[in-house]
Each structure stands twice: as C-alpha cells, then as structure tokens.
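Me: I would like to go through how the two parts of this protein chain meet, one question at a time. Please give the cut-offs along with the values.

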Amino acid sequence: MAHPSGLGQEKDRLPAANELIAGKDKRLVVHNGKVGEVETPLELLREHPLTPKELMFVRNNQVPAGAMSLEPAPPDDWKIEIAGLVSRQVTLPISELAKLPQEEVELVLQCSGNGRSRFSKFAKADGAQWRHGAMANIKFKGVKLRTVLDHLRINPALKAKYVAAEGSDAPATEGSADFEHSLPLSDVLERSFLALALGGESIPKVHGGPVRLVTPGYYATMNVKWLTRLRFEEQESSNHHHAGRYRTPLKPIPPGSKFATTLANSEPNWNIRIKSVVFSPMEGEGISAGKTVVGGVAWNDGSAKIEAVEVSVDGGRSWLRSELKPGPSLYAWHHWQLAIELMPGKRTILSRAVDSMGRCQPMDGSIFWNPAGYGWNGVDSVTAMVS
Ligand SMILES: Nc1nc2c(c(=O)[nH]1)N[C@H]1C(S)=C(S)[C@@H](COP(=O)(O)O)O[C@H]1N2
Ligand SMILES: [Mo]
C-alpha cells in the first residue's frame, strides 16, 4: 500500500532505465538503480545485428560523477599514464591517439555474469539475476596498444607479464577497493586497443568514454572504462576486484558451496566461453505446428572458428546442424537458423555451439557453478507452446 506521503513508495521504486541513464531506452530492465546494472530484454536484442547504444546493457561497479549518460565525453585534456615496467614511463594526451592508425572491430561485449540466473536451477548465485541480455554486439574503434608503444618507442621490460588497467572512477563507498583488472601482456600486445569510438561515434560517457581499453574476445569486465592508467607488472594484480572477484574455480565445485577465490585457485574472467542463445522462439512463445524456423546467435573468444551450432528437440538425444552465418569478425555474433517440424504441445528447443578447437557448451551447465555465477555457458534451452 502506498504511504500517504508517497515517500515510502519513492524509496523502494527502481528508476526506469532512461531516468537512471540519460538517453537509454526505457524498456531496458534495471537490476540495480544505484550504480547502474541495466539489461537488454532478448526481444529487443534480437532485433538488431548491431546493438544500438540506446539498447546496450550497462554494468558499473563504480562510476565517475556525471557519467550516467549516453552523451559523448569531452576528450579535451584526458591523459593516459603508461607506468610500471617499461623502458620509459609517459603520460599520453588523448589527442595524440587520434593521430595514430585506427582499427575497428565488431565484437560481443558480454558481462561475465550474463546468464547468471540460469545457475539458479542448481543453486542461486549471488549478484544481479541477468538473463541473456547482459551482452551486446557492437563495433569499437581505436588504436592498438602495440601501435601506441611503437610510436612512443616504449618497450615493456622482459620481466613484465601483466598489464593492470585503471579508470577515472573511484570506489562507490569510501575505503573499498578501486576497480581494476590485470590482463596477460601477450594478449594485450596482440589484441588490446584504446577505443575512442563506439558504432562510429565518440564513446558515450556511460560506456567508458572518452577512452576504454578493449580486448576482443575478453569478457566485458576486462574492458576497463574511463581508462587513465596502464601499469606493466610482473604479477597479476592482488586488487579485490581482480583477485577476489571476477574469477572462476579451476576445478568444479558442488553447486551451493562456498568458495573464496585466490590468484592460485581460480582463473580470471578473461577469455569468453563458447556460447549460443536461442533468439527465436522466445521462452513461452506460442507458435503454430508444422515448419518453424528457429534461430539465434553464437560466439566465443575468437581464438578458434565456430564450426557449428546444433539444435535438439528431443532433450539432447539427437542433434541437427543449423545453417551458420559467420560474423564479420571472429569476435562477433554468428547468426544461425534451422527450419524444423514441431508437433503440437510444450516443446523444448536446445542449442549448442562447437568450435574448431572442440570446445562446446556443457549439457549440464552446473559443472561451472560458482558462488558469484560467472561464466554461464550451458546448452541454451527455450520452451515454446506449439498448437
Ligand atoms: N572503470 C570501470 N570499468 C568497467 C567497470 C567498472 O565498474 N569500472 N565495470 C566492468 C563490467 S563488470 C562490465 S560487465 C562492463 C560493462 O560495460 P558497459 O557498461 O559499457 O556495458 O564494464 C566493465 N568495465
Ligand atoms: Mo560484468
């Protein structure tokens, strides 16, 4: 019941996405109305081969003042520090970056918590109960870090094995750890770039503008927004967000059990696990009996080609190979579809992707269960009503 003053109501009500983040589509699902955890419903996600910025999911652990907006960030006097184990430490004005050769990559930006709610079939995992909409298929454009280092004639020291990335955002509560992540130097030199544009425009504030570290094939958490410093280091960061969170156990643990991550017993949410999602039909959708085209998307970390997406309508006893349309890059969504015959009744459609390294999605998604629900990639399953 509404409080007579209306105050109680205001307090409990989550803001709509467009109230929380200026410019966002109001149909997005708000999971966290404070710092900003906003999901794209699947029926909106599936409409666009490239996710428009208004529909992109948002995940902030912490956020700089004034950044809850789709407005472009004024780059003006932004600087990036290159620090730690390098032949020369520099502070690079962003204006220098714009002069260097740019590359554009279409890729899947996916929170490592995407699909977390699926773990609850076994034991509920902590955190926002994301369905499949904590992802987007987008184009980032910028300068490869390798190019920047070469241009500045900077060499990482032989001892350097990791690069820790920091943003301008400060912890949401005083005294807590500042958000940062370490990435392996070899991958960074091969793939990472300092992104200045998203979908051909300056990166919106909320998505990390004016400059974001982007590593194609890595989970979104590693794509540090509002980039201000890169530290070349011998060790992986012991920072709370990198060592105590955003990691999965090296060995399976029983669903529902406790697990405290350390640098030694777990791996960071770096490379995206192979995954497919059914876009059509949608869960609970009513469809007519006879021939139906089922379809969706598949993606992995881009290190191997996706060979096939298979579909089962008999609970996984038999699988049919779908028609696969590879994306414009190895890191992008690959669309798949298949015409199938469905008998009337409640029908469950399963999808699984397999790549040329033999990696595939587990039928039993609980083998990757972890308390924080990272890295869900179980066989996807959608139940439709056929009549
Ligand atoms: N600086 C900074 N970068 C960050 C975060 C953050 O809190 N601070 N959150 C990370 C997480 S967990 C995710 S899933 C993505 C979300 O990217 P998006 O908000 O642009 O969709 O940003 C990542 N980069
Ligand atoms: Mo995330």
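Me: How many residue pairs are in polar contact between domain 1 and domain 2?

Reply: This is a predicted model, in which local features need pLDDT of at least 70 and side-chain atom pairs count only at pLDDT 80 or more, while totals for chains, interfaces and linings use all residues. Residues are numbered from 1 along each chain as its sequence is written, and side-chain values use heavy atoms, with hydrogens and water left out. A polar contact is a pair of N or O atoms within 3.5 Å, where within protein one must be able to donate a hydrogen and the other to accept it, and residues adjacent in sequence count only if both atoms are side-chain atoms. With both residues at pLDDT 80 or more, the count between domain 1 and domain 2 is 13 residue pairs.

Me: Which side chains meet in a salt bridge?

Reply: A salt bridge here is a side-chain nitrogen of Lys or Arg within 4 Å of a carboxyl oxygen of Asp or Glu. Between domain 1 and domain 2 the count is one. At 3.2 Å from N to O, the side chains that meet are those of Arg118 and Asp380.

Me: What area is buried between domain 1 and domain 2?

Reply: The domain assignment, automatic or from a database, gives domain 1 as 79-268 and domain 2 as 275-386. Buried area is the accessible area (1.4 Å probe) that two parts lose on being put together, summed over both. Carbon and sulfur atoms give 62% of the total, which is about 2700 Å².

Technical notes:
Chains lettered and ligands numbered in written order.
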